Amino acid sequence: MVSHDEAGKLGGGQTYATVYSPSFLNLFYDYYVLGFNMRFWGCPTSVLLPFFTENFSRNHLDCGVATGWFPSEALGRPFRKHGKQQLALLDINPNSLKAAETRVLAATTATTTQCIEADVTLPPPAALAGKKFTSISMFNLFHCMPGGKEKFTKTFATFRKLLAEDGVLSGCTVLGPKATTSWTIKFYLKFYNDWWGVFNNKDDTKEDLEEALKREFEEVETTLIGSMLLFRATKPRRETNLVA
């Protein structure tokens with residue numbers, strides 16, 4: 001079963017929204033981004049997939065879906081392949097949504113999907129009104145997004161409200177050049193930010209992301225592997241208990 005919904009689109013950073021064409025997603029993304037790039041950042045998919053899977057419930061929202069590799073791999077395992085699954089896919093790029101949905105449905109027989117075209121920094125679209133998820137993922141999302149520190153504060157404030165009390169929010173992101181002493185990585189980050197324009201993480205720091213998470217969640221864990229920051233948050237704060 002499949003449903004599709006559309007919401008507002010990003011007001012800037014058009015490269016982020018358009019660089020993943022159908023041909024790039026189908027032919028290059030898995031090999032280049034998940035293969036070469038993840039190893040280059042020092043955090044390969046052999047680390048990321050178990051982290052995704054252990055925080056992947058049967059009522060899940062995946063934000064920034066790319067090709068859908070993470071949920072399809074998790075759902076393709078024997079103990080999940082034929083089990084009932086509610087999976088919402090949210091991305092600003094319709095090409096990514098189509099690719100991810102197609103891949104997920106090819107890997108599992110009992111998954112209900114919902115595709116939502118939306119910007120994570122904006123208020124939740126109508127398609128998510130009143131919904132609560134027991135897990136939410138944001139893998140390889142923030143380093144592609146413009147917005148500086150505010151992209152963290154706005155996104156976590158929005159998705160805290162969509163997470164069940166006993167739920168978990170997890171994700172990973174490549175930090176900016178301040179997080180590394182490697183000139184090779186600094187050069188690569190400059191290429192991605194200034195020349196290609198697909199990254200928007202020059203000012204992204206571990207401290208800013210942690211601060212935004214701790215404002216919205218009582219329990220926050222982070223770990224830096226290479227240039228990749230993995231994060232996990234539980235116990236969403238009530239409106240009256242937010243950290244100023």
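Select helix 2 and helix 8 together: Tyr 32, Phe 36, Asn 37 and Phe 40 of helix 2 meet Thr 184, Ile 185, Tyr 188, Tyr 192 and Trp 196 of helix 8. Please bear in mind throughout this tour that the model is predicted.

**The pair of helices**

Keep both helices on screen and look along their axes. The axes of helix 2 and helix 8 come within 11 Å and cross at roughly 140 degrees. Helix 2 is therefore oblique to helix 8, since only angles over 145 degrees would count as roughly antiparallel.

**Asn 37**

Next, select Asn 37, which lies in helix 2. Is Asn 37 buried or exposed? Asn 37 is buried, because its relative accessible area is 2% and the cut-off for buried is under 20%. Apart from neighbours within four places in sequence, Asn 37 is in contact with Tyr 32, Tyr 188 and Tyr 192. Now display the side chains of Asn 37 and Tyr 192: a polar contact of 2.8 Å joins them. Asn 37 and Trp 183 stand 146 residues apart in sequence, and their C-alpha atoms are 16 Å apart in space.

**Helix 2 as a whole**

Following helix 2, select Gly 42, where phi is positive, near 90 degrees.

**The nonpolar cores**

In soluble globular proteins, nonpolar side chains tend to be buried together. The largest nonpolar core of this model has 40 residues. Which residues have the most contacts inside it? They are Tyr 20, Tyr 29, Trp 41, Leu 48, Phe 70, Phe 199 and Met 228. Several elements give two or more residues to this core, including helix 2, strand 3 (85–91) and strand 6 (163–174). Helix 2 gives the most, with six residues. A second, separate core has 29 residues, and among them are Leu 61, Ala 118, Leu 163 and Leu 229.

Return to Tyr 29 and display its surroundings. Setting aside neighbours within four places in sequence, Tyr 29 is in contact with Tyr 20, Phe 24, Leu 34, Ala 66 and Thr 67.

**From Tyr 20 to Asn 93**

Select Tyr 20 together with Asn 93. The backbone oxygen of Tyr 20 lies 3.3 Å from a polar atom of the Asn 93 side chain. Asn 93 belongs to the loop between strand 3 and helix 6. It counts as buried because its relative accessibility is 2%.

**Two residues with positive phi**

Finally, select Asn 140 in the loop between strand 5 (133–139) and helix 7 (149–160). Although Asn 140 is not a glycine, its phi is positive, about 55 degrees. Asn 140 is buried, with a relative accessible area of 10%. Then move to Lys 235, in strand 8. Lys 235 is likewise a residue other than glycine, and its phi is a positive value near 55 degrees. How exposed is Lys 235? With a relative accessible area of 39%, Lys 235 is partly exposed.

Conventions
Residues numbered from 1 in each chain as written. Predicted model: local features only at pLDDT ≥ 70, side-chain atom pairs only at ≥ 80, totals over all residues. Heavy atoms only, no water. Helix = DSSP H or I, 4+ residues; strand = E, 2+ residues; numbered from the N terminus. Core = buried A, V, L, I, M, F, W, Y, C linked by side-chain atoms within 4.5 Å. Buried < 20%, exposed > 50% of the residue type's maximum accessible area, 1.4 Å probe, protein only. Contact = heavy atoms within 4.5 Å. Polar contact = N/O pair within 3.5 Å; in protein donor to acceptor, adjacent residues only side chain to side chain. Axes fitted to C-alpha atoms, helices over the stretch in contact; angles between N-to-C directions. Parallel < 35°, antiparallel > 145°, perpendicular 65-115°, else oblique.
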